[in-house]
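Reader: I am new to this one. Please show me the structure, and then let us go through it in questions and answers.

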Amino acid sequence: MSHHLDPAKTGLAVGKLLGGLHVIWSILVAIGWAQWLVNFSQWAHMVSVPVIVKPFDLSAAVTVVIVAALIGCVIGYAFAKIWNWLHRG
């Protein structure tokens, strides 16, 4: 059994995961459910920080999805390279 990971495929997978999570977040902001989620998360973590979710902004949503996906690709690629290096030989 090979322990080798394809860095490009791993990068794309992690990029899609992070980008997809931010698509979901953008949808929650657009339909007005994001503030409730933030409030619940703060309650569940026993913290209180004033966070106000602003109205939906398409350009901000597209930006955060693209940036998250690109960061996910870099993280996934680096993870696969490190994984393969640790499991060489």
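Reader: What should I know about the numbering and the model before I start?
Author: This is a predicted model: local features need pLDDT of at least 70, side-chain atom pairs count only at pLDDT 80 or more, and totals for chains, interfaces and linings use all residues. Side-chain values use heavy atoms, with hydrogens and water left out, and residues are numbered from 1 along each chain as its sequence is written.

Reader: Is Phe56 buried, partly exposed or exposed?
Author: Phe56 is found in the loop between helix H2 (34–44) and helix H3 (58–86). Helices are DSSP runs (H or I, at least four residues), numbered from the N terminus. Buried means under 20% relative accessible area, exposed over 50%, and partly exposed in between (1.4 Å probe, protein chains only). Phe56 has 39% relative accessibility, so it counts as partly exposed.

Reader: Where is Leu58, and how far is it in space from Ser26?
Author: Leu58 has its place in helix H3. Its relative accessibility is 57%, so Leu58 counts as exposed. Leu58 and Ser26 are 32 residues apart in sequence; in space, C-alpha to C-alpha, the distance is 8.6 Å.

Reader: How many aromatic pairs are there?
Author: Rings of Phe, Tyr and Trp (its six-membered ring) pair if their centres lie within 6.5 Å. Planes under 30 degrees apart count as stacked, over 60 as edge-to-face and the rest as tilted. By this rule the count is 3.

Reader: Is the pair of Phe40 and Trp43 stacked, edge-to-face or tilted?
Author: Phe40 and Trp43 are 3 residues apart in helix H2, so about one helical turn separates them. Phe40 is partly exposed, at 39%, and Trp43 is exposed, at 62%. Their rings lie 5.7 Å centre to centre, with 40 degrees between the planes, and the pair is tilted.

Reader: What is the angle between the ring planes of Phe79 and Trp83?
Author: Both residues lie in helix H3, 4 residues apart, about one turn of the helix. Phe79 is partly exposed, at 45%, and Trp83 is partly exposed too, at 29%. The ring centres of Phe79 and Trp83 are 5.9 Å apart and the pair is tilted, because the planes are at 35 degrees.

Reader: Against which helix do the buried residues of H3 pack?
Author: H3 has 29 residues and reaches 42 Å, close to the 42 Å expected. Among its buried residues are Gly72, Gly76 and Asn84. They pack against H1.

Reader: Which residues does Asn84 touch, beyond those up to four places away in sequence?
Author: Asn84 is found in helix H3. Its relative accessible area is 14%, so Asn84 is buried. Asn84 touches His3, His4, Leu5 and Pro7.

Reader: What is the phi of Met46?
Author: Met46 lies in the loop between H2 and H3, and at 74% relative accessibility it counts as exposed. Most residues other than glycine have a negative phi. Met46 is not a glycine, yet its phi is positive, at about 60 degrees.

Conventions: Helices (H or I, at least four residues) and strands (E, at least two) are DSSP runs, numbered from the N terminus. Contact means heavy atoms within 4.5 Å. The expected span of a helix is 1.5 Å times one less than its number of residues.
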